[in-house]
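Subject: Structure handover and findings

Hello,

Here is the structure we discussed. Please load it before reading on.

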Amino acid sequence: MSTTAPPSPPLDRSWIAARIPHSGAMCLLDAVVAWDDTRIHCIATSHRDPANPLRSHDRLATVCGIEYAAQAMAVHGALCNAAQARPRAGFLASVRNVEAHVARLDTIEAPLDIEAEHIGGDGNNVLYCFTVRAGERTLLTGRAAVVLDASAA
């Protein structure tokens, strides 16, 4: 992927945290590796952190990868709409066709590669497909619908 507008990767965790609603430990992504108008590729290592806020009973279920993908989608929206004074607020309205290929993320030693691709939508609704991998191993796939500026509707 190549970037189509500034800023260009790699964009680090502090850059990401300033542009999504998640801060502190809840900002799960480490960096944006690549992006263009329709795709984003991020990396994360927070799945190995014992203090990860998504852990339950000292485990991080694979479905938590949906939150990693949702954050990548939020970063993609911020990058594609960089001219806006503030990022548009959004919420995850639905996920579909989710396939988990492992039981847990916290047992994965390699960094996570999170990729999301914008596949449709209009001004206030966005549809992405996403994949979470570790190296060549696919861990989680699915589609997500995001509603933007829901309070303004």
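**Ground rules**

This is a predicted model: local features need pLDDT of at least 70, side-chain atom pairs count only at pLDDT 80 or more, and totals for chains, interfaces and linings use all residues. Residues are numbered from 1 along each chain as its sequence is written, and side-chain values use heavy atoms, with hydrogens and water left out.

**Helix H2**

Start with H2, which covers residues 65–80. Helices here are DSSP runs of H or I with at least four residues, strands are runs of E with at least two, and both are numbered from the N terminus. H2 has 16 residues and reaches 23 Å from its first C-alpha to its last. That is close to the 22 Å expected at 1.5 Å a residue; the expected span is 1.5 Å times one less than the number of residues.

How many residues of H2 are buried? The count is 12 of the 16, so the helix is largely enclosed by the rest of the structure. Buried means under 20% relative accessible area, exposed means over 50%, and partly exposed is in between (1.4 Å probe, protein chains only). The buried residues of H2 include Gly65, Tyr68, Met73, His76 and Leu79.

Gln71 is also in this helix. Its relative accessible area is 1%, so Gln71 counts as buried. Gln71 touches Ile20, His22, Met26, Cys27, Leu28 and Leu29, leaving aside residues up to four places away in sequence. Contact means heavy atoms within 4.5 Å.

**The core**

The largest nonpolar core has 37 residues. Such a core is a set of buried Ala, Val, Leu, Ile, Met, Phe, Trp, Tyr and Cys residues joined through side-chain atoms within 4.5 Å. Leu29, Val32, Ile40, Tyr68, Val75 and Ile114 have the most contacts inside it. Elements that each supply at least two residues of this core include helix H1 (13–17), strand S2 (31–35), strand S3 (39–44) and strand S5 (112–121). H2 gives the most to this core, with seven residues. In soluble globular proteins, nonpolar side chains tend to be buried together.

Two strands pair if DSSP finds at least two bridges between them. Strand S1 (residues 11–12) pairs with S2 in the antiparallel sense over two bridges. Asp12 has Ala31 as its bridge partner in S2. S2 and S3 also run antiparallel, joined by four bridges. A hairpin links S2 to S3 through three residues. Val32 stands opposite Cys42 in S3.

Four of the five residues of S2 are buried, so S2 is largely enclosed by the rest of the structure. Val33 lies in S2. Is Val33 buried or partly exposed? Val33 counts as partly exposed because its relative accessibility is 39%. Val33 touches Pro9, His41, Cys42 and Ile43, not counting residues up to four places away in sequence. Val33 and Asp12 are 21 residues apart in sequence, and their C-alpha atoms are 9.0 Å apart.

**Strands S4, S6 and S7**

S4 and S7 pair in the antiparallel sense over eight bridges. Ser94 has Ala145 as its bridge partner in S7. S6 and S7 are antiparallel too, over 10 bridges. Cys129 stands opposite Arg143 in S7. The hairpin of S6 and S7 has two residues between the strands, and Gly135 takes a positive phi near 65° there.

**Cysteines**

How many disulfides does a search of the whole structure find? It finds zero; the test is a pair of cysteine sulfur atoms within 2.5 Å. For Cys42, the closest cysteine sulfur is in Cys27, and at 9.7 Å that is too far for a bond. Cys42 is buried, with a relative accessible area of 0%. Cys64 is buried as well, at 15%.

His57 is exposed, with a relative accessible area of 75%. Asn97 counts as exposed, at 54% relative accessibility.

Best regards
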